[in-house]
Amino acid sequence: MSEINYFEFYDLPISFAIDEQKLKKKFYELSKRYHPDFYVNEDEEKQAEILELSTLNNKAFQVISDPLKRIEYILGLQNLLADGDKYVLPQDFLMDMMDVNEALMEMEFDHDEIKLAELTQMVDGMELSLFDELKQSTDEFDRREGKDVDTILLTIKDIWYRQKYLLRIRESMNKFRG
């Protein structure tokens, strides 16, 4: 089976904001339709096809129902993500991250709860700001009101990569929590 677009599989438009009720309804409908137990008397080829469709249904639901996976999936559909992609983050963001990374390195030598709390608050603020940017951009994409969709998608890609970077920072910070 060739690569199937999950949105097409569920008869949904490619969108960052989805109708969750419609998604669930379609998922349950297809779960019943492609349940392997209903095909035990079919030949092996038909059983394999149904098993593949059942697996596709589960995978599609996992991706589309999760907002972060959905973003990554849509960017992939638009050929904006590639394995080994060497995305260059904006210089101002990297400068901010240099300060955060320096603070993390200092934490390795001087485990200071107050500094950790301050750093956590700073990263929280960055994440909230990115979330707001992402919400504006995804809403703009979904409206598609005469805007350049490619430019909007590139903005979403940039935000996605910055979020991934902050996630790694957050994981590093978690090492210092006792």
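The side chain of T138 reaches the backbone oxygen of K135 at 3.2 Å, a polar contact being a pair of N or O atoms within 3.5 Å, of which, within protein, one must be able to donate a hydrogen and the other to accept it, with residues adjacent in sequence counting only if both atoms are side-chain atoms. The model is predicted, so that local features need pLDDT of at least 70 and side-chain atom pairs count only at pLDDT 80 or more, whereas totals for chains, interfaces and linings use all residues. Residues are numbered from 1 along each chain as its sequence is written, and side-chain values use heavy atoms, with hydrogens and water left out.

T138 is found in helix α6 (residues 113–143), where helices (H or I, at least four residues) are DSSP runs numbered from the N terminus. With a relative accessible area of 8%, T138 is buried (under 20% relative accessible area, with exposed over 50% and partly exposed in between, for a 1.4 Å probe and protein chains only). Not counting residues up to four places away in sequence, T138 touches F16 and I156, contact meaning heavy atoms within 4.5 Å.

K135 also takes part in a salt bridge with D139 (3.0 Å, N to O), the term denoting a side-chain nitrogen of Lys or Arg within 4 Å of a carboxyl oxygen of Asp or Glu. D139 and K135 are four residues apart in helix α6 and are therefore separated by about one helical turn; D139 is partly exposed at 23% relative accessible area, as is K135 at 44%. A further salt bridge joins R170 and E127 (2.4 Å, N to O), and this pair links distant parts of the chain, R170 lying in helix α7 and E127 in helix α6, 43 residues apart. R170 counts as buried at 15% relative accessibility, whereas E127 is partly exposed at 28%.

Helix α3 (residues 44–65) and helix α4 (residues 67–77) pack at an angle of about 100 degrees, with their axes 5 Å apart. The two helices are therefore roughly perpendicular to each other (65 to 115 degrees, against under 35 for roughly parallel, over 145 for roughly antiparallel and oblique for the rest). The contact is made by Q62, V63, I64 and S65 of α3 and by P67, K69, R70 and Y73 of α4. In α4, R70, I71, Y73, I74 and L75 are buried, and the buried residues of this helix pack against α1, α3, α6 and α7.

Terms used. Axes fitted to C-alpha atoms, helices over the stretch in contact; angles between N-to-C directions.
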